[in-house]
Amino acid sequence: MRSSLAPGVWFLRSFSRDSWFRGFTLLLTFLIYTCYHMSRKPISIVKSRLHQNCSELIKPINDTHSLNDTSWCSWSPFDKDDYKELLGAVDNAFLVAYAIGMFISGIFGERLPLRYYLSAGMLLSGLFTSLFGLGYFWNIHVLWYFVLIQICNGLVQTTGWPSVVACVGNWFGKGKRGFIMGIWNSHTSVGNILGSLIAGIWVNQEWGLSFIVPGVITAIMGIITFLFLIEYPEDVDCAPPQHHDGSDKDQDNPEDPENSPYTNRESSQETMTSCSKEPCAEPVAISFLGALKIPGVIEFSFCLLFAKLVSYTFLYWLPLYIFNVAHFGAKEAGDLSTLFDVGGIIGGIMAGLISDYTNGRATTCCIMLMLAAPMMFLYNYIGQNGIVSSIVMLIICGMLVNGPYALITTAVSADLGTHKSLKGNAKALSTVSAIIDGTGSIGAALGPLLAGLISPTGWNNVFYMLISADILACLLLCRLVYKEILAWKSSLSKGRGYKEI
């Protein structure tokens with residue numbers, strides 16, 4: 001059965017034009033995942049407050065620390081010399097739980113109503129984010145409390161990504177998918193920017209509010225999701241999108257441009273109309289192994305592992321890097337780090353546009369990854385020479401690092417989740433998205449962990465690690481890039497547009 005209609009949608013039915021509802025769904029899912037990322041960002045801003053050099057501050061009269069203690073104003077247990085390892089443990093408590101939970105989340109997401117699943121996830125995420133901040137007001141100084149909260153938050157945050165990708169995939173076909181999802185995927189960077197700016201307001205005062213405010217906003221958005229999210233076009237008598245042209249000819253030929261995961265043909269209006277008027281049979285959810293057999297899933301999953309390793313290392317450690325190397329204050333370092341996410345918005349849209357125009361998702365990702373490696377090297381060596389060079393380099397690095405990450409997690413996941421071999425079964429969307437993003441989340445957990453372990457030996461070594469991961473991500477796409485080049489040659493020789501790898 002289809003999901004029950006959200007109670008807040010009844011008055012929208014009078015405006016049941018397809019484009020209106022598609023725009024509404026796109027906007028709502030954008031705001032949903034913006035809140036998810038907004039609630040993840042405060043920890044990276046507050047790190048510089050949890051451990052700081054207190055030598056220039058006036059010590060309170062009743063303070064019991066020694067005169068030579070330069071970390072008396074830091075928050076225990078992060079006031080010792082091993083603070084980077086402890087902060088890395090807090091990061092990885094979230095990221096490891098997120099990576100493990102993501103593989104399970106997609107399976108649940110295809111078997112439960114997305115509206116209920118997302119709403120519950122956002123409410124719980126808001127709760128655990130707020131509980132982390134309440135540790136300040138409750139004067140909690142034990143590591144296990146912060147680690148436990150991060151584990152719980154990491155698990156409930158896995159409800160977000162597979163669900164929003166599946167919901168958008170239910171509403172949008174393949175035409176201009178890269179461009180649409182490139183714009184839509186800017187929710188990641190917008191959420192990071194909002195999280196940084198909100199956390200920066202209280203980071204130097206009552207840092208607990210840096211978590212509580214985003215947590216409350218996320219919980220409120222969960223209630224809005226329950227009231228207004230529309231999972232399927234059929235729920236409001238809209239025509240569902242057609243992901244393929246319905247032709248299965250030459251399906252066994254992997255080199256045929258018309259037989260790849262990226263078909264871009266327009267749907268049949270007759271099919272869309274009949275499906276919207278007559279109840280369609282509910283497709284069976286795909287198995288985990290079945291999703292792995294879809295061509296391209298494994299390559300893009302492991303590519304995302306290394307791409308996300310780089311992106312999440314910047315996400316969690318960039319403010320502290322700027323704080324330590326450029327010697328900005330905690331708030332200024334957090335504000336400056338948002339430029340990386342500004343570049344990510346531009347890069348995601350550019351990657352979507354280019355891949356739509358060329359019909360080469362893998363090639364677009366590969367070229368951007370190749371350019372990202374030297375730019376990260378240059379940022380480490382000349383990016384801190386002045387405010388102008390820092391701004392420019394951060395934006396460029398954000399474009400090249402987050403562009404492929406955005407493309408793989410959105411348009412590529414949706415393409416593979418509606419692959420022609422599935423014969424129209426879009427139920428695979430959530431599972432495929434979970435596999436790709438779950439594998440990427442392993443890299444997201446490894447990146448900050450390695451940064452925490454390597455940074456005591458010098459920030460240069462951290463950047464060498466990031467550059468190596470970037471090159472590995474590029475190499476993993478070589479087979480798909482080769483197939484796209486063959487398909488381009490085939491399309492040119494036949495005098496028709498390239499469709500797929």
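Predicted model: local features only at pLDDT ≥ 70, side-chain atom pairs only at ≥ 80, totals over all residues.
Local features need pLDDT of at least 70, side-chain atom pairs count only at pLDDT 80 or more, and totals for chains, interfaces and linings use all residues. Residues are numbered from 1 along each chain as its sequence is written, and side-chain values use heavy atoms, with hydrogens and water left out.

**View 1. Ser-455 in the loop between helix 16 (428–454) and helix 17 (459–475).** Helices are DSSP runs (H or I, at least four residues), numbered from the N terminus. Ser-455 has a relative accessible area of 4% and is therefore buried (under 20%, 1.4 Å probe, protein chains only). Leaving aside residues up to four places away in sequence, Ser-455 touches Lys-84 and Val-462 (heavy atoms within 4.5 Å).

**View 2. Helix 12 (residues 297–325) against helix 17.** The axes come within 9 Å and cross at roughly 160 degrees. Axes are lines fitted to C-alpha atoms, for helices over the stretch in contact; angles run from 0 to 180 degrees between N-to-C directions. The pair is therefore roughly antiparallel (over 145 degrees).

**View 3. Helix 12 against helix 14 (residues 361–382).** Here the axes come within 13 Å and cross at roughly 30 degrees. Helix 12 and helix 14 are therefore roughly parallel (under 35 degrees). Among the contacting residues are Phe-300, Phe-314 and Ile-322 of helix 12, with Arg-361, Leu-369 and Tyr-379 of helix 14.

Definitions and conventions. Helix = DSSP H or I, 4+ residues; strand = E, 2+ residues; numbered from the N terminus. Buried < 20%, exposed > 50% of the residue type's maximum accessible area, 1.4 Å probe, protein only. Parallel < 35°, antiparallel > 145°, perpendicular 65-115°, else oblique.
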